[in-house]
Amino acid sequence: MKKFTKPHIILNNEAVTSETITEQLQNPNLSEWEKELYLFLNEWFSDSDFVLAQTSGSTGEPKPIELPKLVMQKSAERTIQYFGLKKNDRLLLSLPCRYIAGKMMVVRAIVGQMNLITVDPATDFDFLEHETFSFGAMVPNQVFKLLEQPSGVEKLQNIRNLLIGGSAITSAMEAQVSQLQNRTVITYGMTETASHIAIRELSGDRKSEFYHCLPGITVSTNDLGCLRIHHPEFTESLQTNDIAELHSNTAFRILGRSDSVIISGGIKYSPESLEKKLENLILDRFVISSMPDEKLGEKLVLVVEGKPHATDQLEQKIIERLAAFERPK
């Protein structure tokens, strides 16, 4: 696909060439999030028509897929059109590029010829006190931390169009962000669709309880009431495991999930896979479950059947068995 072979992106106010990408990937001092960014740029500007990605689990078991660059480009064009973004607008990338949300922020900057400003996803966003952006995306945990800061509201409002995605938000957070003076939305989408296919407005006159599809996309439900996506770039509809209530063929509300996936802090967890890692560690019957959490949306919980007992030793063993982000809270 020839149109992707010539790098054209403005990154942190500077034009990035293929030489820049190569040099950065050879830099031993590059942080992990920066390396992920340049690896994706290298992949995007390659001769391949596809990008390798990991599916989200919304349509079944997570698996690696080849995501067509054309689908990603069309997704970027829809978002640019929906929000009225223009050439040279400043976009904020504060998400890791190992996930589709981060990748798509890069693609939008390339397709729209916009200036992509990159920051460590773990940033405290202090720079938002004196910088403004036309567009940015955050996961609920990042928004939660900002709302806890004295000047957090003002910082968030310095992003003219703010997307929140990755997982559901609590009613308390929705009430807070509904008062923001900028345009704040929550998105619905997945890796398979190259990020969001629908947007729910959270603030201003457009505020709605329904997700509204981007141009050209329609939805329906199957016999189980799970959302089916009809996407112009796909020959077949995409069946999800999300139970939905339709308002029309372009507007819907998500009621829950038909499977057991837990979404915490924007990351999807399979309880069964975590339980398998612990099955030789815990002799009593147990399950991995979840509880509502203001910061994470849901937090992982380990439930063990039996009489109460000291858990210090068990917690230490879990630390040895599970990665930090996998451990029950």
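How are α2 and α4 oriented to each other? They are oblique to each other, a class that takes in the angles left over once those under 35 degrees (roughly parallel), over 145 (roughly antiparallel) and 65 to 115 (roughly perpendicular) are set aside. The model is predicted, with local features needing pLDDT of at least 70 and side-chain atom pairs pLDDT 80 or more, while totals for chains, interfaces and linings use all residues. Residues are numbered from 1 along each chain as its sequence is written, and side-chain values use heavy atoms, without hydrogens and water.

**View 1. Contact of α2 with α4.** The axes of helix α2 (residues 32–44) and helix α4 (residues 100–111) come within 11 Å and cross at roughly 55°. Axes are lines fitted to C-alpha atoms, for helices over the stretch in contact, with angles from 0 to 180 degrees between N-to-C directions; helices are DSSP runs (H or I, at least four residues) and strands likewise (E, at least two), numbered from the N terminus. From α2, Leu37, Phe40, Leu41 and Trp44 meet Lys103, Val106, Val107 and Ile110 of α4, where contact means heavy atoms within 4.5 Å. The residues of this contact are 7 nonpolar, no polar and 1 charged (nonpolar: Ala, Val, Leu, Ile, Met, Phe, Trp, Tyr, Cys and Pro; charged: Asp, Glu, Lys and Arg; polar: the others, Gly among them).

**View 2. Contact of α2 with α3.** The axes of α2 and helix α3 (residues 69–83) come within 12 Å and cross at roughly 110°. α2 is therefore roughly perpendicular to α3. Phe40, Glu43 and Trp44 in α2 meet Lys69, Met72 and Gln73 in α3. By class, 3 residues of this contact are nonpolar, 1 is polar and 2 are charged.

**View 3. Contact of α3 with α4.** The axes of α3 and α4 lie 9 Å apart, at an angle of about 75°. α3 is therefore roughly perpendicular to α4. The α3 residues in contact include Met72, Ala76 and Ile80, and those of α4 include Ile100, Met104 and Val107. This contact has 7 nonpolar, 3 polar and 3 charged residues.

**View 4. The second largest pocket.** Of its 17 lining residues, Leu302, Thr311, Leu314, Glu315 and Ile318 lie nearest the centre. On a 1 Å grid over the protein atoms alone, a pocket is an open set of points where a 1.4 Å probe fits, with protein on both sides within 12 Å along at least five of seven lines, and lining residues have an atom within 4 Å of a point. The lining has 8 nonpolar, 3 polar and 6 charged residues. Its largest share, 4 residues, comes from α9.
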